[in-house]
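Here is a short tour of a protein model. Keep the sequence and the 3D view open as you read.

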Amino acid sequence: MVRVSSLEHNLRRLTGKAIGDFGLIEQGDRILVALSGGKDSWTLLAMLEQLRRRAPVEFSLVAVTVHPGFPGFQTGLIEEYLNRHGYDGRVATAPIHELMLEKLTPDETPCALCARIRRGVLYTKAAELGCTKIALGHHRDDFIETLLLNQFFNGTIKAMSPLLRADDGRNVVIRPLVYVPEDDIIAFAGGAGFPITCCACPACGDPDLQRVAIKKLLTEWETRRPGIKASL
């Protein structure tokens, strides 16, 4: 079994490598970390904080959790953890649940609408808080799966970008976990004591069948030929 300390060191190394390779963080940056309460965003926040303390450039972090209005979603444990560990944390409310009930038909999936509203909320909060960049917790597997989904189903060779300037020309999105395997995040978050929080969306758990198929395909090939994911 890999020790948490070894995982932590490797996660920090890979996150730092991505920051250096893609120029994700610069002197004086104030970074809004989108903290959903899931394993990926908690790991992102922890790695950025560790690197902040060691980095040759000065930057600051503020964690923002978007409350989507779903019954059952609680931010109390998130806020308590942030306060106890000295993080600057905020909660922003968004009428995602209300709009889903109002606008979606029974055959539509809510994920695209939810993502658009969350993105708008994060852009607004970034401006309010004087943030220069918005950090999202997409990891290596997310990048690979999106690449193959676009190739298989959309006929395009396109993936997410580690550094993206939004269409509004003002907001900059960074994804520092681009090199980090999901399995390492699962192992690290499981032993780190984070208060993992479900968004409580009624559609949470409904499988994206195309993404599930791609994930299964990648797992099978990685088992047969270790290194496939790293190559992609």
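Predicted model: local features only at pLDDT ≥ 70, side-chain atom pairs only at ≥ 80, totals over all residues.

Residues are numbered from 1 along each chain as its sequence is written, and side-chain values use heavy atoms, with hydrogens and water left out.

**Helix pairs**

Helices (H or I, at least four residues) and strands (E, at least two) are DSSP runs, numbered from the N terminus. Axes are lines fitted to C-alpha atoms, for helices over the stretch in contact, and angles run from 0 to 180 degrees between N-to-C directions.

| Pair | Residues | Angle | Axis separation |
|---|---|---|---|
| H6 and H8 | 140-154 and 209-224 | about 115° | 10 Å |
| H2 and H7 | 39-54 (H2) | about 80° | 10 Å |

H6 and H8 are therefore roughly perpendicular to each other (angles of 65 to 115 degrees count as such). H2 and H7 are likewise roughly perpendicular.

In the H6 and H8 pair, residues of H6 including Ile144, Leu148, Leu149 and Phe152 meet residues of H8, among them Ile214, Leu217 and Leu218. Contact means heavy atoms within 4.5 Å. By class, this contact of H6 with H8 has eight nonpolar, two polar and four charged residues. Ala, Val, Leu, Ile, Met, Phe, Trp, Tyr, Cys and Pro count as nonpolar, Asp, Glu, Lys and Arg as charged, and the others, Gly among them, as polar.

For the other pair, Lys39, Asp40, Thr43, Ala46 and Met47 in H2 meet Glu182, Ile185, Ile186, Phe188 and Ala189 in H7. The contact of H2 with H7 has six nonpolar, one polar and three charged residues.

Buried means under 20% relative accessible area, exposed over 50%, and partly exposed in between (1.4 Å probe, protein chains only).

Helix H7 spans residues 182-192, with Glu182, Asp184, Ile185, Phe188 and Ala189 buried. They cover an arc of only 150° around the axis, which puts them on the same side of H7. The arc is that of the directions from the helix axis to the C-beta atoms. Asp183 and Gly190 are exposed on the other side of H7. Gly193 follows H7, with a positive phi near 80°.

Helix H3 (residues 76-84) has Ile78, Tyr81 and Leu82 buried. They cover an arc of only 100° around the axis, which puts them on the same side of H3. An α-helix has 3.6 residues a turn, so residues three or four places apart point the same way. Leu77, Asn83 and Arg84 are exposed on the face of H3 turned away from its buried side. The cover over the buried residues of H3 includes H2, S2, strand S3 (89-93) and H7. Gly86 follows H3, and its phi is positive, near 80°.

**Two buried residues**

Pro195 sits in the loop between H7 and H8. Pro195 is buried, with a relative accessible area of 14%. Leaving out residues up to four places away in sequence, Pro195 touches Gly37, Trp42, Leu77, Ile78 and Tyr81. Pro195 and Leu77 are 118 residues apart in sequence, yet their C-alpha atoms are 6.2 Å apart in space.

Ala63 lies in strand S2 (residues 60-67). Ala63 is buried, with a relative accessible area of 1%. Beyond residues up to four places away in sequence, Ala63 touches Val33, Leu35, Leu45, Leu82, Asp88, Gly89 and Arg90. Ala63 and Val33 are 30 residues apart along the chain, with 4.7 Å between their C-alpha atoms.

Notes:
Parallel < 35°, antiparallel > 145°, perpendicular 65-115°, else oblique.
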